[in-house]
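Open the model in your viewer and keep the selection panel at hand.

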Amino acid sequence: MEQTTALRDASVAKLRSIPMFSDMSGGDLDTFADMVQLRRYPKGAFIVNQNEMGSSMYLLVSGRVKVSLASPDGKELALNYLEAPAHFGEMSLVDAEPRSADVIAVSEVELFSLDAKDLSAAIQINPRLALSLIATLSRRVRHTIARLEDMAFHDASHRVMRVLLNVATASYEARGVPVIQGLTHYEIATLAGTSRETASRIISNLAKDGALATKGRKIVVDLIKLRERLEGE
Ligand code: CMP
């Protein structure tokens, strides 16, 4: 019993660190904490497998995951990288279709899983969960439209620059520095729908032009120059 209470207190503290839950009352958080299970995954673990039926959704507490598709001949298209706080695996629960993509841990990951049968009750306790699900889905549709537009109308060079600009802009907005960290050239290539060799060549040309600088495993982007290059194409 002691152990159960301690576990629940730990879950409540972690839930409170997720913005969506930060202003929930203690009692509601306790009820919610009883519905979710805290899980840890090592780097490289498949948390969700494409085409399987889904029975849970996930709230990412710490770490990073990759949402990706694999072709039968082993090629990979990364749809997105998600960083905590974020949620995933909700689509199968909402539309009762198989999982739309693989979700793979790219660092150690800690998350809460929520069973499909508890989703309605969870939304009743915290209606912000429903709004957050809708907002996330609508952001994903916009993101997918932009990717489709890039695939249809632009070449690999434009797509790589777009990925670099998006990731560096997100880093600037979150941390005040336009830095790409923790993404390899292969991962940038899978996000841009091109080969690693092409992505590396484009990154090195951009470095020569002064639109970015590579420092060890970091890429520091000159947001203004890169945007000018992208818009000038
Ligand atoms: P589901 O289809 O249940 O399982 C795979 C999950 O990946 C899916 O739910 C979404 O949560 C997530 N996902 C699918 N497409 C994207 C995308 N384009 N961007 C971010 N996450 C996605």
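A polar contact is a pair of N or O atoms within 3.5 Å; within protein, one must be able to donate a hydrogen and the other to accept it, and residues adjacent in sequence count only if both atoms are side-chain atoms. This is a predicted model: local features need pLDDT of at least 70, side-chain atom pairs count only at pLDDT 80 or more, and totals for chains, interfaces and linings use all residues. Residues are numbered from 1 along each chain as its sequence is written, and side-chain values use heavy atoms, with hydrogens and water left out.

Stop 1: Select S100. An N or O atom in the S100 side chain is 2.7 Å from an oxygen atom of the ligand. Next, select E90. A polar side-chain atom of E90 also lies 2.7 Å from a ligand oxygen. Then pick N80, where a polar side-chain atom is 3.4 Å from a nitrogen atom of the ligand. The protein covers 96% of the 460 Å² of accessible area that the ligand has on its own (Shrake-Rupley method, 1.4 Å probe).

**Stop 2: the shell.** Helices (H or I, at least four residues) and strands (E, at least two) are DSSP runs, numbered from the N terminus.

**Stop 3: a salt bridge.** Select R128 and D23. Their side chains meet in a salt bridge, 2.8 Å from N to O (a side-chain nitrogen of Lys or Arg within 4 Å of a carboxyl oxygen of Asp or Glu). R128 lies in helix α5 and D23 in the loop between α1 (2-16) and α2 (26-35), so the pair ties together parts that are 105 residues apart in sequence. A search of the whole structure finds 12 salt bridges.

**Stop 4: backbone details.** Which bond joins A84 and P85? A cis peptide bond, with omega about -5°. P85 is in the loop between β5 and β6 (86-88). Finish at N51, in the loop between β2 (46-48) and β3 (56-62). Phi of N51 is near 80°, a positive value in a residue other than glycine.
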